Every structure is written in structure tokens, then in C-alpha cells.
Amino acid sequence: MSFETIFNLMLTETWRSLYMTIFATLGAYLVGLPLGVFLCITDKDGIKPMPAINSIVGICINIMRAVPFLILAVVVVPVTRTVMGTSLGYQAMTFTLVIAAFAFVARVVENSVKAVDKGVIEAAHSMGASIFQIICKVLIPEAKPSLILGAAISATTILSFSAMAGILGGDGLGFVAISYGHHRGQRDIMWIAVALLVVLVIIGQSLGNLLARKIDKR
């Protein structure tokens, strides 16, 4: 393969990896953020204890997290095909990544929110704040630096999932490493794809750390 062909291939597949990572992270947080907050406030020490429901939801999330990504991706193929019209390609795989990642995100959010100083929560409660106000004006703002760090970790995890998705017909750098590097024996292309994945992880984590430090006013 010529240099121009390799360059265009890497440029296209890097964009597809970023597309899957960014939109899958957003989708996972649309589901995982409220779910994580719910787990926190319904805990036995939360502001609205609901131990039975909390346990049921927690068990379901643990089951989702326990299933390896590749197995889960295969299991949800019929769902992906129904919703997206196909189970192949980076756009369809983005939907699969949301399903695979939202449980992980929920636990990350739960741990971040649980770290908020209980004294601040009690002060807001004593001033007559409702549960919704405590969530929106106390829990989320106070946990914001930790939530941003958690988002960076979640995004890098989803990026690694997207790389594995190459085995199942997903696009992206994982697809390049597997299809060209492994199946066709083009090791140089495989190592370029791996290097690009490492660079994306480092950039994503560094940006998350920087943003968290700027927001943290403690």
C-alpha cells in the first residue's frame, strides 16, 4: 500500500473511532447519569432510601457489567439490527457501544456522587430543598470534577470497546489493526493503528484531567 493510501485509511478510520467514542459516550451518559444518581439517592444512606429497588437495579447493572463486551455485542445484534437497520459499520456499532457502556457509566457516576460531602447535602436538606433541587444544585455541581474525570475514564473504556468492535464488523482503528494488520499480515499498519489508539487515549485522559482541575474550586 502506498503512503497516501495508508494515510487516507488511517484518517478515515481515526474519524470513525472518534465518532463511535464521542457519540457512544454521550449516549451512555444519557442513560448512565440519571441511573447512577438514582442508585446514589436510593441507597440505604441516600437522601431517599429505597433498598429493595436499589438492590434490583444494582443487580441488573452488575449483570450488564459482568458480560464481556464481545459476547454482549453478539447478543444485542438483533436489537441493533432492528433499531439501526444493520449491525455492521461504525454507526450501528455506536448503538451497541451505548448498550455495553451505560452500566459502567452508571457505577462511575454513582461513585462520584457518593463522594460529595454529606454535610453539604444535610445543609441543603435543612433549608427545605427538594430532592430534585439537591440533585441539580448540590450533588451534580459538587461532584462535577469527579464526574469529568469519570467521563474521561469512560470515554477511554468505550474507545477500547470500539477497537474490539472491529472483530464484529465495526469500523475504526480496531478494524484496521485486525483486518489489515492481523488477517493480511501487514504489521506496519497494525502498529500504526495501535499507536493512534494510544495517542487518542492519552489526549482524552489529559484533557479530562485538565478540565477537572480547572473546574475544581475546592
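Q: Hi! Are Tyr-19 and Tyr-90 buried or exposed?
A: Both Tyr-19 and Tyr-90 are buried. Buried means under 20% relative accessible area, exposed means over 50%, and partly exposed is in between, with a 1.4 Å probe and protein chains only.

Q: What kind of model is this, and how are residues numbered?
A: This is a predicted model, where local features need pLDDT of at least 70 and side-chain atom pairs count only at pLDDT 80 or more, while totals for chains, interfaces and linings use all residues. Residues are numbered from 1 along each chain as its sequence is written, and side-chain values use heavy atoms, with hydrogens and water left out.

Q: Thanks! Back to those two tyrosines: how do the rings of Tyr-19 and Tyr-90 pair?
A: Their ring centres are 5.1 Å apart and the planes are at 90°, so the pair is edge-to-face. Rings of Phe, Tyr and Trp (its six-membered ring) pair if their centres lie within 6.5 Å; planes under 30 degrees apart count as stacked, over 60 as edge-to-face and the rest as tilted.

Q: And which parts does that pair tie together?
A: Tyr-19 lies in helix α1 and Tyr-90 in helix α5 (residues 90–114), so the pair ties together parts 71 residues apart in sequence.

Q: How many aromatic pairs does the structure hold?
A: There are four aromatic pairs. One of them is Tyr-19 with Phe-23, a tilted pair at 4.7 Å centre to centre with 40° between the planes. Tyr-19 and Phe-23 are four residues apart in helix α1 (residues 3–41), so about one helical turn separates them. Phe-23 counts as partly exposed, at 43% relative accessibility.

Q: Which residues form the aromatic cluster?
A: Trp-15, Tyr-19, Phe-23 and Tyr-90 form one cluster.

Q: Let's zoom out. How many helices and strands are there?
A: Ten helices and zero strands. Here helices (H or I, at least four residues) and strands (E, at least two) are DSSP runs, numbered from the N terminus.

Q: How much of the chain is buried?
A: Buried residues make up 44% of the 218 residues. As for the overall dimensions, the C-alpha atoms fill a box of roughly 70 × 40 × 25 Å along the principal axes.

Q: What about the largest nonpolar core: how many residues, and which have the most contacts inside it?
A: That core has 36 residues, and Phe-69, Leu-97, Val-109, Val-113 and Leu-139 have the most contacts inside it. A nonpolar core is a set of buried Ala, Val, Leu, Ile, Met, Phe, Trp, Tyr and Cys residues joined through side-chain atoms within 4.5 Å.

Q: Which element gives the largest share of this core?
A: Helix α5 does, with twelve residues. Leu-97 touches Met-20, Ala-24, Phe-69, Ile-158, Phe-161 and Ser-162, leaving out residues up to four places away in sequence. Contact means heavy atoms within 4.5 Å.

Q: What other core lies apart from it?
A: Another core of 14 residues, among them Leu-9, Leu-173, Tyr-180 and Met-190.

Q: New topic: where is Ser-17?
A: Ser-17 sits in helix α1, and at 2% relative accessibility Ser-17 counts as buried.

Q: Which residues is Ser-17 in contact with, leaving aside neighbours within four places in sequence?
A: Leu-159, Gly-172 and Leu-173.

Q: And what separates the C-alpha atoms of Ser-17 and Gly-32?
A: A distance of 21 Å, with the two residues 15 apart along the chain.
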